[in-house]
Amino acid sequence: MSVDRTRIERLTRELLEAIGEDPDRPGLRQTPARMADLYSEFFAGVGEDAAAPLARTISVSRGPAPDTLPSGAVLLRDIRFRSVCEHHLLPFAGHAHIAYLPGGQVVGLGALVRVVEILATRPQVQERLGEQIADVIAENLDARGVLVVLDASHGCVTMRGGRQPEASTLTIAARGEYTDAVARAELIALIGASTGASRA
């Protein structure tokens, strides 16, 4: 489902009028078209199949390097993402960290990034976003465990209400073997080291 650009432009004009502005003044004349561009980008994942990037897998036993089978988790850290909170339509952005414990198949690392991008470009809440990423990976890869950690800063916290510019939100979604806290402890430590380094 594609974004209705014409409708967004019309509604943006109405919104500007509703706050007492003149949508025809020079500084605002192009704003409705800019908002249509913005929403087309921010909500590109609406209606898109988040599992599609995982359709092409690589066999770990019959693949190009069967002598280098993963003995532990595959961990992709610091995937930058941005989304829009469905409560106030304000942005939230941060880093996603994804780990999975391969079974018989692995997937190209770029596919994991695409899963995050598709699910993030919808009206979201961070708690659900992490769970959706974990579900898509767990249901579409032969993974014995999946762990998704999201660390994000929210406009509804930094720009309104309590206005806490340094606050960030951390969420964890786990599937399979990583539902056990001991099993995921090493990964959490590795992710924590990465997060601490990026903030230092």
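## A word to start with

A residue counts as buried when its relative accessible area is under 20%, as exposed when that area is over 50%, and as partly exposed in between. Asp 78, with a relative accessible area of 31%, is therefore partly exposed. Please keep in mind that this is a predicted model.

Asp 78 lies in strand S2, and its phi is positive, at about 60°, although the residue is not a glycine. As background, most residues other than glycine have a negative phi.

Leu 89 is another residue to look at here. Its phi is near 55°, again a positive value in a residue other than glycine. You will find Leu 89 in the loop between S2 and S3, and at 45% relative accessibility it counts as partly exposed.

## Helix H3 and its surroundings

Now turn to helix H3, residues 109-120. At 1.5 Å a residue, its 12 residues should span 16 Å, and the C-alpha atoms at its ends are 17 Å apart, which agrees.

Which residues of H3 are buried? They are Ala 111, Leu 112, Val 115, Val 116, Ile 118, Leu 119 and Ala 120.

## How H3 meets H4

Two packed helices are described by the angle between their axes and the distance between the axes. For H3 and H4 (residues 126-140), the axes come within 10 Å and cross at roughly 135°. The two helices are therefore oblique to each other, and H3 passes H4 in a right-handed crossing.

On the H3 side, the contact is made by Leu 112, Val 115, Val 116, Leu 119 and Ala 120. H4 brings Leu 129, Gln 132, Ile 133, Val 136 and Ile 137 to the contact. Sorted by class, the contact has 9 nonpolar residues, 1 polar residue and no charged ones.

## Ile 191 in helix H6

Is Ile 191 buried or exposed? At 5% relative accessibility, Ile 191 counts as buried. This residue is found in helix H6, which covers residues 181-199.

Leaving aside residues up to four places away in sequence, Ile 191 touches Leu 75, Arg 77, His 97 and Val 149. Take His 97 from that list: Ile 191 and His 97 are 94 residues apart in sequence, while their C-alpha atoms are 7.0 Å apart in space.

Definitions and conventions
Residues numbered from 1 in each chain as written. Predicted model: local features only at pLDDT ≥ 70, side-chain atom pairs only at ≥ 80, totals over all residues. Heavy atoms only, no water. Axes fitted to C-alpha atoms, helices over the stretch in contact; angles between N-to-C directions. Helix = DSSP H or I, 4+ residues; strand = E, 2+ residues; numbered from the N terminus. Parallel < 35°, antiparallel > 145°, perpendicular 65-115°, else oblique. Left-handed = near helix turned anticlockwise from the far one by under 90°. Contact = heavy atoms within 4.5 Å. Nonpolar A, V, L, I, M, F, W, Y, C, P; charged D, E, K, R; others polar. Expected span 1.5 Å × (residues − 1). Buried < 20%, exposed > 50% of the residue type's maximum accessible area, 1.4 Å probe, protein only.
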